[in-house]
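Please open the model in your viewer and keep the selection panel at hand. The tour moves from one selection to the next and says what is there.

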2 protein chains.
Amino acid sequence: MDERQALAAFAALGQEHRLRVVRALVTAGPDGLAAGVLAETVKVAGNNLSFHLKELSHAGLITSRREGKSVIYSAAYGGLSDLVQFLMRDCCQGHPEVCAPAVAALAACDCTTGDTLHA
Amino acid sequence: MDERQALAAFAALGQEHRLRVVRALVTAGPDGLAAGVLAETVKVAGNNLSFHLKELSHAGLITSRREGKSVIYSAAYGGLSDLVQFLMRDCCQGHPEVCAPAVAALAACDCTTGDTLHA
DNA sequence: TCTACGTTTCAACGAGAGTTGATATATAGG
DNA sequence: CCTATATATCAACTCTCGTTGAAACGTAGA
């Protein structure tokens with residue numbers, strides 16, 4: 001992930017409705033949510049949501065697939081992972097000792113066991 | 001870190017000049033950089049940079065201290081760490097298995113040895 | 001084919017972000 | 001005290017972003 005991609009991703013997440021959409025999709029898991037359900041969840045008009053979904057998709061944070069009349073959106077976990085790694089990679093430049101605590105905190109969140117991180 | 005703080009942080013990072021400032025400060029380490037040096041580094045006019053620095057500071061991503069005539073800015077590693085943890089915590093909700101690869105990738109970046117992460 | 005449903009696109013509007021130039025504040029030296 | 005340097009603040013402008021309503025598209029069932 002280069003700076004341009006990271007910039008688009010951060011800008012996409014720096015908007016209330018879009019951040020809520022991403023969180024909802026991340027929580028929903030790989031099955032994702034239909035656009036209509038998502039609209040109700042984040043309380044945004046359908047046409048407006050469509051605008052935000054396009055932006056999130058363009059930023060590589062979500063993906064979509066059609067299922068009958070519905071369009072199902074789901075989180076692009078790879079994109080989110082890349083974004084986290086982009087932040088951490090920068091953090092490691094020059095003075096790696098300063099971000100070691102962050103890595104330690106993340107390691108404490110053992111995702112394979114389903115434990116959640118309480119920061 | 002709650003949603004409001006994360007929103008402010010993402011919005012702050014979703015701007016070209018501000019993202020460059022943060023990266024420069026993160027790379028510079030705890031010693032930080034003077035406002036004037038930062039202005040040259042990111043090629044932004046001083047008064048304009050001051051505006052962005054205030055926003056980054058308000059988002060909890062950087063800190064400042066005065067040293068003589070200069071004001072030295074440095075990265076708020078805690079704030080950045082919180083942001084990463086905010087993303088990962090959400091990722092762990094509901095379907096933890098999907099973000100396990102991200103955690104594994106971060107664990108491979110052993111910051112205590114100075115290794116950088118090549119994503 | 002016609003209708004209903006779900007979603008997307010488009011143009012227009014209003015609000016807010018980012019930039020610029022001029023001005024103000026704070027510190028150090030002569 | 002006066003000047004120079006470094007940074008911050010302010011008002012004004014421009015431009016982009018987010019929202020809205022109307023219309024179009026695409027799909028499924030009668």
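This is a predicted model: local features need pLDDT of at least 70, side-chain atom pairs count only at pLDDT 80 or more; totals for chains, interfaces and linings use all residues.

Select chain A, whose secondary structure comes to six helices and three strands, and trace the chain along its sequence to follow the pattern α-α-β-α-α-β-β-α-α. Of the 119 residues in chain A, 41% are buried, and among its contacts with a separation of 6 or more, 51% are between residues 24 or more positions apart.

Next, select DNA strand C together with the 23 residues around it, of which Ala34(A), Ala35(A), Gly36(A), Asn47(A) and Gly68(B) come nearest. Colour this surface by element, and you will find at least two residues from each of helix H3 (35–42), helix H4 (46–58) and strand S3 (70–75) of chain A, and from helix H4 (46–58) of chain B. The most is given by H4(A), with six residues. Coloured by class instead, the surface near DNA strand C shows 12 polar, seven nonpolar and four charged residues.

Which element gives the most to the surface near DNA strand D? Select H4(B), which gives the most, with six residues. By class, the surface near DNA strand D divides into 11 polar, seven nonpolar and three charged residues.

Terms used: Residues are numbered from 1 along each chain as its sequence is written. Chains are lettered from A and ligands numbered from 1 in the order in which they are written. A residue is near a molecule or strand if its C-beta atom, placed from the backbone, lies within 6 Å of it. Helices (H or I, at least four residues) and strands (E, at least two) are DSSP runs, numbered from the N terminus. Ala, Val, Leu, Ile, Met, Phe, Trp, Tyr, Cys and Pro count as nonpolar, Asp, Glu, Lys and Arg as charged, and the others, Gly among them, as polar. A residue is buried if 20 or more other C-beta atoms lie within 10 Å of its own, exposed if 12 or fewer, and partly exposed in between; C-beta atoms are placed from the backbone. Two residues are in contact if their C-beta atoms, placed from the backbone, lie within 7 Å.
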